[in-house]
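Trainee: Could you take me through the aromatic side chains in this one? I'd like a close look at the rings and what they pair with.

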Amino acid sequence: MPGKSTLSKALAVAFAVLTVSAIGGMISMMIVFEIQTTNLTMTEVPTVPSTTLAPPPVMRLPRSLIPERYEILLHPQFYSRIVEEVNVTTPNQTLFFNGSSTVYFRCHQATKHIFLHSFELSVSSLRVTDHDNNVKLSVLSHQQHDDDSDFLEIELEENLKTNGNYSLSLSFEGEISEYLQAMYVSKYTETDLDFVNDTIQERFLVATNLEPTSARRLFPCFDEPDMKAVFQLTVIHRRGTEALSNTRQQISSSIDDEWKYTTFFPTPKMSSYLLALTISEFKFTTSPENRVTIKTYARPEAIDAGHTRYAARITAKILEFYEEHFDLQYGMEDLDQIALPDLEPLAMENWGLITYQEGALLYEEGVSSWLHKEVITTVIAHELAHQWFGNQVTMKWWNEIWLNEGFATYMSYLAVDHAEPKFQIKEKMIMDDLHAAFEEDALLTSHPLSAPPNDVQTTGEILGMFDAISYSKGAMVLRMLAEYVKDKAFDDGIREYLKMHRGGNADQEELWVFIQNARNKESEPTVQEFMENWTTQIGYPVVTINTISGSINQKHFLYNSSAVSNLLWKIPITYTTNISEPNDFWLGERERDGMDELISKKGEWILVNINTTGYYRVNYNVENWDRLLWQLETNPSRIPLMNRAQLVDDAFNLARAKQVDVTLALKSTRFLRSETAYLPWESAIRNLEYFILMFDRSEVYGSMQLYLRHQVEELYNFFKNQTDYSTVPDDHSLQHNQITAIEVACSNGLPDCVEMATEKFAEWMDRNDTNTIHTNLRSVIYCQAVAAGDKKEWEFAWEKFLNSTDTSEKDQLRKALSCTKKTWLLNRYLSYTLDPDKIRLMDVTSTVNLIAQNAAGQALAWNFIRAHWDYVSQGDAASLVMGVTRRFSTPFELQELIRFRDNTEMNGAYRATLQAIEQTQVNIQWVQKNHDAVLEWFERETAHLE
């Protein structure tokens, strides 16, 4: 672990006891700056005994004590700005906080021991009060457990009595993190117009991010999702700053010339990970009039430039949609959302104070891609869905985090479609999640949606659950269930589920009951029976159809063809043909023979899993594959759009699993030469990327590039006039495909495309401040121009990146810088990721992964993350491992990866490392088997093009 910042405690003010009393409905507050322990009659804490008591089983808090309410006082000792004055010593930034808290709890089982969570906090002045008898209890000792439990254990002289009401008061202090953990500091720049020449000044803020287990880093607490309580927070902060938390301000008043305090109204009963705090000099935009007061905060420059207007408008529309759709009001009077310069992850759904990375909330007219509105709307829709699924109703334990994340992902499809119907991206969103889930869930190292609780205990194991399985597979399984019970029963069921469990916790079995009751049908299977294996087993099935014999069978789909699995699912089979109407039936057994409806009697093709509503892949006999591929090449519109994309995806992934010949997958791309729809192209290019990763260091790559150049030429020419004049289509799907056309054409050396990109970038370099490239096309053109260029182009992009204050522009340039083919420039770029003044810590993972995606940078990135793991793993360590190792396909790389696992503290990436090892093993076998066949196919397909 990297060393944390050295604390400057000399400037920390002496701390403080806060007394809150309510008299006649008026609340008064007195804050005393110095702790006077003599006035508190504190119990002296004796020396901690040498014997250490064993923690409760399975790393979970005992249920003997249940919290009801917290009163918390926090005092972050930091400067929002450090002003240099003549003849005055300039203060150093102070990364330290202290505070005090009282937690009121009820005893459910007599005990002498209080267990709660605390991590990297110095705790003192403990006091336990029996409120039933108004007496203080003697504390014998307290100790911090030195293991993954993070338990703070307090031993009392006498038992707490069953049904008794007690409180624990204590003081604590800790460090403000520089690594985006718990309470952390973030730095940004602002143009100070009070100075000559508009001087750029540094500004600082603090923010919190507590999911899943970081509340214990902020204050000692019962830090488990079903230990819900009410939180009342008071914050001491510097004058000139504004403090935000989950609820609106109750009192805010000055203490002296330097400090003020703010007390917030009590929260609803909620989990500890949802508590939030920011202290900044930010300004806000108010959304259009709504039942709920919605404010969107950001840097003052971003507010003044109008960068929050789009988010403010769309948030109101989405919130109204959810309130109506769930028939349940959002649980607070206010909703604040804030665009932070630094945050890991992309956004966090804190109840009443949603935090976002700037790029997920700010839209900059004339700079942001038009398509960036899709990103903003989708992220806001996801986070607002959590205000019901996660905040009002929470999973009982982290093993079922999919009940939060899967629902938020699924509901965002509906909300985005409602809020921005002209986007028409619901199908794209679904296919993105389907394919993300399919890829990760095809490994033996996957996990069930609902994992056994004992498998998810430590913080590392909990972090491992925040992946494509919980988010994307969760959404796909819910979509499949909604298709089965139909939308009305599904919606009615979740409405009753939310109302019944509001303010509490639930598990998936309780959800199934409500949906089954709303369905009100006796037909088999029940919701519980249907969902059981989809949520408690890993993976998904491949259904194989033989249209000659009419047989159908299912088996567990795995990339590792040698793996043996006996798992079964209840599968809703939908099918259609080119001469008949859609129909359906259930497949619950392993196989069924002689089904007349699956026999092709007149040479017709049969298509299974209409619109991919089922979470399964489909394989066919060769004859039916040939008919379907013929249809794609001659008249693809006869096959539903989503199925055109899925046929390609199934063919490629069945080939990866050695269930069809690899040439079948490659033949499924022939029809693309006359295809202009986005989804089939996206599916083909994403799958061909696997071939590129496996073969771009071999002789296969030359003929593969020639083939792709030929296939994309008509698509590139379809958009050429618009691209040349820096315009884009009105249709969002076509806007996406225009970018695909440029990316595929330029990266595979189509001369017209390379010339276009280099000329447009050179024109920008010549004009410097005048950029005529359409905002939609900047990211792809920047990348392709830097790839085709040299030091001059790269350094121009780097200078633009450093000097830009536009979040969208910086993000586009940051990606483009990874596209150079010069290894020495990529090495320089990697070194820059170690300097947060150059590359923010939250961007390190994505930057390194972008460099690793570049064939010239993959080995550099792998060596780099091993050399600097302590720092780079402070971000998304799991994503980093998966991204950097995607190209691994040799025994040597496998051995290096295994050594990395065995000799490295994983920081939440252990499951991802196991998946990377399994994927590398699959890659080795696949390349050995398919290299010659792939080379021969591409050479044969391109022989006439030489």
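The charged end of which residue sits over the ring of Y79, and how far is it from the ring's centre?

Mentor: That's R238, with its charged end 3.7 Å from the centre of the Y79 ring. "Over a ring" here asks for NZ of Lys or CZ of Arg within 6 Å of the ring centre and within 35 degrees of the ring normal. R69 does likewise with Y104, its charged end sitting over that ring at 4.1 Å from the centre.

Before we go on, a word of caution: this is a predicted model, where local features need pLDDT of at least 70, side-chain atom pairs count only at pLDDT 80 or more, and totals for chains, interfaces and linings use all residues. Residues are numbered from 1 along each chain as its sequence is written, and side-chain values use heavy atoms, with hydrogens and water left out.

Now, ring against ring. The structure has 60 aromatic pairs, counting rings of Phe, Tyr and Trp (its six-membered ring) with centres within 6.5 Å; planes under 30 degrees apart are stacked, over 60 edge-to-face, and the rest tilted. Take F695 and W926: their ring centres are 5.7 Å apart and the planes meet at 40°, so this pair is tilted. F695 belongs to helix α16 (678–695) and W926 to helix α29 (910–941), so the pair ties together parts 231 residues apart in sequence. Helices here are DSSP runs of H or I, at least four residues, and strands are runs of E, at least two, numbered from the N terminus. Both F695 and W926 are buried, meaning under 20% relative accessible area with a 1.4 Å probe, protein chains only.

Next, W869 and F900. With centres 5.1 Å apart and planes at 90°, this pair is edge-to-face. W869 is in helix α26 (869–872) and F900 in helix α28 (891–903), so the parts they tie together are 31 residues apart in sequence. W869 and F900 are buried as well.

Ring pairs also link up into a cluster, whose members include F321, Y322, F326, Y330, W388 and F389. Among the others in that cluster are Y410, Y413 and F514.

As for the setting, the protein chain has 29 helices and 31 strands, and buried residues make up 60% of its 946 residues. Of the contacts (heavy atoms within 4.5 Å) between residues at least 6 apart in sequence, 72% join residues at least 24 apart. Along its principal axes, the C-alpha trace spans about 90 × 75 × 55 Å.

How values were computed
Buried < 20%, exposed > 50% of the residue type's maximum accessible area, 1.4 Å probe, protein only.
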